[in-house]
Structure formats: structure tokens, C-alpha cells
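The structure comes first, and my notes follow.

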Amino acid sequence: MASSPQKLKSYSKEDRIRSLLGQYGIGLVLVIMMIVIAIMEPRFLTLGNIINVATQISINGLLCYGLCLCITTGGIDLTVGAQLALTSCIIGQTMTNMGWPAFMAILAGVGVATLFGFIDGVLIAKFNMFPFVVTLSMQLVIRGLSQVITGGRAVMLTNAWFTGIYSNKLFGIPMPIIIFIVVTIIMYLMLHWTKFGRYIFAVGGNVNAAIASGVSRFWVIVGVYTISGVLAGLASMIYTSKTGSAQSNIGVGYETDAIAAAVLGGTSFAGGIATIPGCVLGIFIIGLIYNGMNMIGVSSYYQSIVKGLIIIGAVMLDMVMNRNKH
Amino acid sequence: MKKSVIMSVLGTVMAMSLAFAGTALAEEVTYEADVNGDGKIVVGYISKNFTDPFHAPINARAEEYFDQAVADGIIDEWTGLLDGETDANKQIDRAADCISKQCDIVIFLPAEAEASDPALVQMADAGILVIEVNSKSASCDEKAIAYVGSDDVEAGNMLAQWVVDNCPDGGKYIHCNGILGNSAQIQRTEGMHAVMDEHPEFEMVGDFDTKWDGNLAADAASDSMSKYGDELVAIICDNDGMSSAAQKMCNDNGREDIICIGVDGVEVPLQMVQDGSLKATILQDGVGQINGAISIVESLVKGEAFDPAPVIPFVLVTADNVADYIG
């Protein structure tokens, strides 16, 4: 009899550890990565480089949150790369060639991205079309539109206020980091603390049960794709400010890194499972892969292989640590 | 002895005559433009892509000219701009479309040296007169009737020479690649190494897979500044979309001293050179290249001889001459 409580106590401890690993396992992967890179390149852990990484991840970070919401409802948004290009072209065209004030140009660019997100959502929710097909087709429309707007030419952006969005600092913190933090807080509160967030999980987890419970599938789906459009527009604003150039060929393949970050962060393609803190960790892992390889000096011919293997390894490690959960 | 001297002089003169004759033959060629004898001249145009700012003015010039050429009756039809989507597979499909449309002449801008080559081969085998522009595919010298372009190795030399000339004390530099395996990336990199490797005072500390992408080049610049600080003196890029983004990143971080340079001479880098935020760029005269191809089409239609390999030189653009190329 005496052994039972001890055994129970032992199980409880193991469960607690497993629970901790389940919640923060991918964080452990991040820490391991940081240690390995820091050993290979001590300059990696300087404050300047950490700020550098945090600034760089802002673009992929915003795209990732949009993808996270769409994947959580059981969908996908493949338009985000093309949305980067379209918003960039609208900002460049309106600001440089039409003389609009920067704020109005940003509003126009992000507004159009939002509109396309809304259209994606309506097509998916109203007509029950597959998200993969809708967004795959829509990205062609969006990319084509950006080519029409600029005629394929690059447009330079010289407005100091606009180009300062990437390079300026507030209280010593680069603006892209501040934008990223603000969006992260909003996304966290929305997904984990609001009714709309619970509806997103409900639609992704069991859509029939959600509908039976009175959840409007239509508005949830339309809502997440619209938010994805807004975030892609904001990401494009940062991108365009960073390069000082608006052009229609940017953002090709950017959805890949955004999806990778979401999945690394525990977002399930089965729907209904996601956390914003997990996405933050995934976003940092993807950012560290790029920065780490650059810092260590991995040959460009091997960077793609290393990146793919690290993502597979990280997901596998996470699954091993969370085998009960999965 | 005297006889052998006379014989060798005669031999040299004959060899030189043959060489000159050979050169003359290589420089001037003629073809019958209506290759399928249907009484119509149909011209095809397979672009590299519609999205790259370097290719936009090339495509625009071709569209403007051939629309007018049809209106003026110089040619009977043209295919319009066919989008190669920077994809060899798509270019091969477009080549098949040109064959189906019974084109007599096709202007072709290959996306890849090896992978796009079947497009050239199938068109040439169908009897079409193919003019390659901007870059060569593998069997260009055997199958195309002309090549109008620039020497990307020379562009690589010029990139490196600018860095050598403007960083007399040497130092650390990084290289931002185009899409790995692309012929321009390979040849510009080769040209860059040919010069930089002769200068031991320079050390290449990063060779980044930046995929022609300004965002990735800017990240490579900030990573390298973070790692090497003042030791970093230059960033050599395979195109100037990347060099302008890298230079902006350097300038934003108070490192205007870092020399960034790339190839193409598209709008944004030229404007940066004009306003002084970028010191130089290497201009590839894309419109000059397509004008060269148009000139060959005109010669073909008129039955005149033409130079099958005109070289359009790269130009170093600095504050001194940017006004000649901007706008």
C-alpha cells in the first residue's frame, strides 16, 4: 500500500514535466539553437545582433499570424506573398507617382490587401470552396494586378517618414519590433481571450458542433482571411520601407516561411489547435535559422538544405517531447 | 633560307587573309525571313518574365516596336509578349506555341542556360530563326542565328574592380547571390572572383543565398554589420535591386562608408546614385539589347546581312554620368 502514493507522486512529477515540455518544448528547441549558434559564433549573442534578429523577423511574424488563424480554421492562405507585392506596388504608385501622403498611401495599400482577404473569405465560406484552391488562384490575380499597376517596373520610395518605418526607433527600439509586439499582443488577446478567438478554435476543431452551438462559420472564416489580409498589408509596409523600393516581383515563396513558423509553433493542419506564444517561438526559430547561418557562414549552396533539416528536426523533437498530446 | 623566309611570309599572309575572311563571314550573315514559305512574316517573342524591373522596359520596347511593325506592314503578325515566368518549363511550352503559330522569327530571352535550351533546340529544329537576347542558352552558338547581349563575366569584373578601386586598404566583403544556378549569377560570380581573388588584402566573409531578393540582401547586410562591424567594407551583389536595398540598410545604420554595388541599372538604384545615397551601379543596357534584336529582325525582313553577335557593353554609372541614363 505504501508504494501506491509514491508511484502516484512519481507519475504526477512526470506528468508535470511532460506538461511543461508540451507547452514549452519548442522553446527548448529555440534555446538549444541559440546555444549551438552562440558556441559556433560568440558574436551571435550580442545585444546588437539580438535586436537585428528581432527586427528581421517582423515581416515573417505578421504573415505567420495570418496563416496561423487560417490554418486553425482548417484552411490556408497562399496569397500572402502576392499580397506583399500588391500592397508594395499600391504604396509606391500612390505615394511616388501620384503624390499621396504616406499615411494615405499605406491606408490604400493595406485597404486593398484587406479587401482581397475579405474576398478570399467570402469565396471560401459562402461557396464552400477549398481554401487551397481559392487562395492559390487568388494569388495569381493579386500578383497580376501588381504587375498591371507598375508595368513590372520598380518604384523608388524617398518619403523619409515612410522609409523610417523600418529604420527609426522609439525609446531605442526599432519600429518593426514595436509593430510586431503590438500585433502580437492584439493577436494573443483576440485568439485566447475573446469570443471570436474561441469561435476560431471551434470552427477548426469541429465545424458541425460549432454551427450547432450557434457559431457563424461564415463570419469566422471571413474574419480570419480578412485579418490575414490586413497583416499581409502591414508586413508589406515594413518590407517596402526596408528596401525603399516597390516592385511586383517581391514576396515569392514568403508563405513558405510563414507556414513553417506557424507549424513549428504548434499550429495543427488538422485545425482547432494553435497558440500565439507558440507562433512567436516558431517565428524566432525561422529567423534564427537565417541569421544563424549567416553568422556562422554556412555556404549559400547548403543553406536551403540546412533550413529544411532544422525545421523537420525541430518538429520531430517537439512531437517526441509531446507524444501524448500528439 | 631566302626561299623559306618568303614561303613563311606568304603563309602568314594567307593565314591572315583566311582569318579576316572568317571574321568577315562571322560578322555578316543573311537568311530568308519567310522560313515556311507561306508568304507571311510572323514574329514570336518569349520573355524571361513580366515581373523583374530589369525586364519591364525590354518587354515594353518590344511590344511598342512590334505593334507598330504590324501596323506599318513591316511584319504580318506577332505573338504578343509571351510570359516565360522565369521558368524553363514554361519557356519550352511557349516555344511549342510559337511553332504551332508558324512563327518565322522568334526573339527568345532564356531563363536558364541549360534548362531553357530545349526551347531553342525545338524551335531551331522546326526551322524558326531564333535570336537569343540578354543571356545565352547552352546551344546558342549552334542553333540560334544571332545573340544580342552582354558579357556577364565582364559585369562581375566591373563589380569587383569598383570595390578594389574604392577600398584601397582592402578589408572584409560579402557577396549576395542571385538564384543559384542562374547563368547570370554564375557568370557574374565568376567575374567577381577573377578580380577579387587577385587581391589578398580583401577577404570574402559571406557568400549569401539572397535569390535576387532585396529583403534578403538587406538582412545579409545587417547580419554582417552585426558580426564584423567596421571590418566590413563592401557588399557585392549580383543585381542592383539587392545592392540598393543593402546600401539603404547600411546607410540607415550609419554605415554610408560601406561600398555596395550590383548590376542592372533599374530605376531605384539609378535614382539612389543620383541622390548620392548609392555610389555606383553597373548598367546593363537591356533596351539596347532588344533594339539590337529588332535591328536584326528588320535586316531579315529586308534580306540584308547583319552582325550575328553584337555585344552591348555594360556601363559603370556614377554621379558623373547618371543623368545620361535616368528617366
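I began with the contact between the chains, which takes 33 residues from chain B and 31 residues from chain A, two residues being in contact if their C-beta atoms, placed from the backbone, lie within 7 Å. On the side of chain B that touches chain A, at least two residues each come from H2 (55-71), S7 (202-208), H8 (214-228), H9 (240-252) and H10 (267-275); helices (H or I, at least four residues) and strands (E, at least two) are DSSP runs, numbered from the N terminus. H8(B) gives the largest share of that side, 9 residues.

I noted that this is a predicted model, in which local features need pLDDT of at least 70, side-chain atom pairs count only at pLDDT 80 or more, and totals for chains, interfaces and linings use all residues. Residues are numbered from 1 along each chain as its sequence is written, with chains lettered from A and ligands numbered from 1 in the order in which they are written.

I then checked confidence: the predictor gives the complex an ipTM of 0.73 and a pTM of 0.79. Chain B averages a pLDDT (the predictor's confidence in each residue, from 0 to 100) of 88, and 91% of its residues score at least 70.
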